[in-house]
Amino acid sequence: MSQTIGRTRLAYSRAWHHVSLASPTTPSLGRLASRIAILLMGKHKPIWDPSTDCGDYVVATGCNDVLVTGKKKEQKMYYKRTTRPGVMKSLSMESMIRKWGGGEVLKRAVRGMLPKNRLRDKRLERLKVFEGEAHPYRTNLMRFEGRIRQVEPEVKTEVLKQTSV
């Protein structure tokens with residue numbers, strides 16, 4: 001007996017969400033990363049299962065305006081290790097933003113929020129980050145600037161002949 005009820009293909013379809021970091025109501029980096037991770041995993045969907053990849057796409061724009069609290073820009077360090085013993089390089093968040101942009105900081109924060117399994121890299125590929133507001137995914141977005149994008153469906157009309165009895 002099948003445990004599937006209804007149309008599951010529609011439930012597994014991937015939507016596109018837009019997150020603008022330039023907005024004044026944008027939360028701090030950690031809170032934003034956890035919300036993005038939920039969208040990438042698909043935990044907001046009723047069909048969520050830890051072993052399946054049913055998450056959505058997320059487009060983050062304005063990453064150069066990433067908001068962190070306290071002195072994290074100067075004090076938070078990112079470490080890179082190599083296979084050689086005694087070789088560990090450190091980089092502060094401020095220098096990472098200067099070198100690679102705020103998008104890399106956001107990606108690393110979201111990567112830390114995702115489960116450590118074989119789906120992690122596939123989920124992270126669906127996160128698209130951009131330093132400015134321009135991006136090539138405007139036609140794919142489900143929500144853009146807080147509004148639901150309206151797509152006009154094709155309407156097929158049929159003329160029904162009524163027979164009089």
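Which residues of α2 are buried? In this predicted model, they are L29, L32, A33, I36, A37, L39, L40 and M41.

**Helix α2**
- Helix α2 runs over residues 29-41, which makes 13 residues.
- From its first C-alpha to its last, α2 reaches 18 Å, close to the 18 Å expected at 1.5 Å a residue.
- An α-helix has 3.6 residues a turn, so residues three or four places apart point the same way.
- Among the buried residues of α2 are L29, L32, A33, I36, A37 and L40.
- The cover over the buried residues of α2 includes the strands β1 (16-20), β2 and β5 (127-129).
- That cover also includes the helices α4 (93-100), α5 (102-113) and α6 (120-125).
- G42 follows α2 and has a positive phi, near 90°.

**Residue A60 in strand β2**
- A60 lies in strand β2, which spans residues 57-61.
- The relative accessible area of A60 is 0%, under the 20% cut-off, and therefore A60 is buried.
- Beyond its neighbours within four places in sequence, A60 is in contact with V19, L21, L106, K128, V129 and F130.
- One of these contacts, L106, is 46 residues from A60 in sequence, with 9.0 Å between the two C-alpha atoms.

**Cysteines**
- The structure holds zero disulfides.
- C54 has 0% relative accessibility, so C54 counts as buried.
- C63 also counts as buried, because its relative accessibility is 0%.

Technical notes:
Residues numbered from 1 in each chain as written. Predicted model: local features only at pLDDT ≥ 70, side-chain atom pairs only at ≥ 80, totals over all residues. Heavy atoms only, no water. Helix = DSSP H or I, 4+ residues; strand = E, 2+ residues; numbered from the N terminus. Buried < 20%, exposed > 50% of the residue type's maximum accessible area, 1.4 Å probe, protein only. Contact = heavy atoms within 4.5 Å. Expected span 1.5 Å × (residues − 1). Disulfide = S-S within 2.5 Å.
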